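The sequence and coordinates come first, followed by the description.

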Amino acid sequence: MNKNYLLIFLIFNSTLSFIFSQKAKDYGFDYNFDDKKIAHNFVYNDKTFKSKIENGNLFLSHTNQKESYYIFEITYLNWKEDFTIATSFKLLRGKNDNGFGVCFGAKNIDNNFLFKISDNGFYCFLKNVKGKSTIIKDWVESPNVKTNGQVNFVEIKKEGADFNFYINKKLTYTHKSEAFYGFNFGYFVNGDNDLQSDFFTVHQKQTKELNLIATPNNFSERKNLGKNINTYGNEITPIISADEKTLFFTRADFNGNTGGKDDNDIWYSQFSVKDSSWGPAKNIGKPLNNVSNNFIQSVSHDNNTLIVGNKYTSYGEFKAAGFSISHKSKTGWSVPKDMNIKNYYNDNQYTETCMSPNGHVMLLALQRDQTEGFKDFYVSFLQADSSWSEPKNIGKIINTFSDETSPFIAADGVTLYFSSAGHPGFGSNDIFMSKRLDDTWLNWSTPKNLGPKINTELWDAYYTIPASGKNAYIVSNIGGNADIYMLKQPESAKPNPVILITGTVLNSQTKEPMTASIQYSELGSEKILGHSSSDPVTGKFTIFLPKGKKYSIVAFKDGFYSVHENTDVVTLTNYKEHNLDLYLTPIKKGQAIIINNLFFHSSSAEILPESYPELDKIAAVLKNNPKMKIQINGHTSKNNSDAKWNYEFSDSRVLAVKRYIVSKGIDEGRITHKGYGFDKPIYKELDEFHLAKNRRVEFVITE
């Protein structure tokens, strides 16, 4: 069954050993087989193959004359830059024309390069692609190959544009370098042979300096989230909600999954403010989980939309590789629907994606024709018909010769956290952060390594933070299994500040909660910057707004007039939270509706341009309801001017509003207007807050 899978297999290999220093100068490994624990990946036993480490040597024994055997270790080399692979061979038993040698740049046994020698003095070079062998250099005799059970030293060096093959320190063969199929390196044994090897070394000098965040040592210690979340299974791919109250994750190797231990399921846990702890994790259930490999990919900031891996049938069963989207309803999560991405394909069996906070952009980890190495990040944009644009590679600043995995876009919509083995780091994969420099999503700052408190010599990935940026949630296998941990971030690792807006969508008449669509835009602009939805049961919503703009926020529902609210975060310096309820008013006769986001020049009836979108919306309502008539009323607050001046001033402002709406094609006869001065205050208090509320323009539906 061809499914998308999470890239999870490496994180459990807890004893991989790399020669990375804290300065991250070099890639590779160096095994002299003095330490069995370090080189344990070269030890394996089955019916026809056995290997063991004794007295500083690796012994390989293969007993099937008709088959070959491969054994690998993984490390990350850039095939475009110089490197050295070196090992030794000694035939202890078997036919001297059986081949053995080095497998390198391998994805698996079907996709690799093989440089082989034989004990009767021959060598050859070939590659396997999708299980089909192509001989590059057929068997040829060479005096450089020692025979009759003597030790042969083999070196493969990338030098300039070539692969150079050395046998016993003598250049024996040269071939133009080719792109790797993967990052596995190891031994190949053909036929019925016993071999001895004294060492295996893979080395590449790191040519780039380690680029750390400013205060990498200021992370707190890791805190295990406890047994309510972590189990004997493996908890992976955590995604924390914007308000840090819900944690979604994938659980693997767990008997309680829908398909048993061999399947992955999506789980979630909710944070109890009262107890300051995470509640018992719950299986998210059908239709998201089925007897298949189910995994979480991205969560909208309102927790009402999920992106999950794979495509589903209408019955909630596995259909094909790809991505699907599910929405929360009053009865639970909807059956995931296909996310239609133009010209989508992925040549890698693993994939990840994340959604931007505004819901308009996706970053996808894919291997395609344009990749720099293996999996790269691609960007795809939401289209007007709800499809997604063809993925576009985001470029060499982020993407490297290796895999880029587990992208996560912070609440500011600018800061990207991701995992990569291609940037200088402390281990196989490290966590990095980068800032988006423009709206093309193709220009990024140089990635910064989060440092040794986050990154280990192992495979580090899946980094997620709430809107505040205060804490980070990560996966670690310190205890043997993959568990989820939390730690506090230093300022240098945080994204740009945002304001978290939470509230409830309410019927302005009944005050009952409502489900509705929510949009936000820059004040005075018609361009929608992002969207959300309120909870179908509670009416609650969550959005977060990056600093630097004044925003207009509005909820929409058929049959109701939407009242705009605005928020100013131009000078925001720190993360903030703000409660803001949104009201929807039924469109019916006699209904009075305050026109928010209406601005005038001081002590003037001249309308400011940022008011136009709000007034355009009123004109649109009148066009869509051709029999509707309204009266526009103007009100001032109590002030030092006389009543006559206030009547005239308020009337001049509503007349300006009427003229603007008429200019949009509305019959003047459908609109009356009147200025009431300060005769009809909403509040009797005379403080500035309540005086400002009394200064208003509203319209009443008269027919």
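## A lysine in a salt bridge

Does K658 count as buried or exposed? At 10% relative accessibility, K658 counts as buried, where buried means under 20% relative accessible area, exposed over 50%, and partly exposed in between (1.4 Å probe, protein chains only).

The model is predicted: local features need pLDDT of at least 70 and side-chain atom pairs count only at pLDDT 80 or more, whereas totals for chains, interfaces and linings use all residues. Residues are numbered from 1 along each chain as its sequence is written, and side-chain values use heavy atoms, with hydrogens and water left out.

## Overall architecture

The protein chain contains 3 helices and 50 strands; these are DSSP runs numbered from the N terminus, helices being H or I with at least four residues and strands being E with at least two. Along the principal axes, the C-alpha atoms of the chain fill a box of roughly 115 × 50 × 45 Å. Of its 703 residues, 56% count as buried.

## Salt bridges

Side chains of opposite charge can pair when their charged atoms come close. A search of the whole structure finds 16 salt bridges, each defined by a side-chain nitrogen of Lys or Arg within 4 Å of a carboxyl oxygen of Asp or Glu. In one of them, K658 pairs with E668, and the closest N and O atoms are 3.9 Å apart. K658 belongs to helix α2 (residues 643–662) and E668 to the loop between α2 and β49, so the pair ties together parts that are 10 residues apart in sequence.

E491 and K494 form another salt bridge, with 2.8 Å between the closest N and O atoms; E491 is exposed, at a relative accessible area of 63%. In the salt bridge of R696 with E698, the corresponding distance is 3.7 Å. R696 is buried at 9% relative accessibility, and E698 is buried at 12%. Salt bridges with shared partners also join R93, D192 and D194 into one network.

## Aromatic contacts

The structure holds 51 aromatic pairs. Rings of Phe, Tyr and Trp (its six-membered ring) pair if their centres lie within 6.5 Å; planes under 30 degrees apart count as stacked, over 60 as edge-to-face, and the rest as tilted. F104 and F113 form a stacked pair, 5.4 Å centre to centre with 20° between the planes, and both residues are buried. The ring centres of F183 and F374 are 4.7 Å apart and their planes lie at 65°, so this pair is edge-to-face. It links distant parts of the chain, 191 residues apart: F183 lies in the loop between β12 (170–176) and β13 (184–190), and F374 in the loop between β28 (361–366) and β29 (376–381).

Ring pairs also link a cluster whose members include F83, F104, F113 and Y123. The charged end of R368 is 5.6 Å from the ring centre of Y378, and R436 lies over the face of W441 at 4.2 Å from the ring centre.

## Cysteines

The structure holds 0 disulfides, a disulfide being a pair of cysteine sulfur atoms within 2.5 Å. For C124, the nearest cysteine sulfur is that of C103, 12 Å away. C124 is buried, with a relative accessible area of 4%, and C354 is buried at 3%.

Methods: A charge sits over a ring if NZ of Lys or CZ of Arg is within 6 Å of the ring centre and within 35 degrees of the ring normal.
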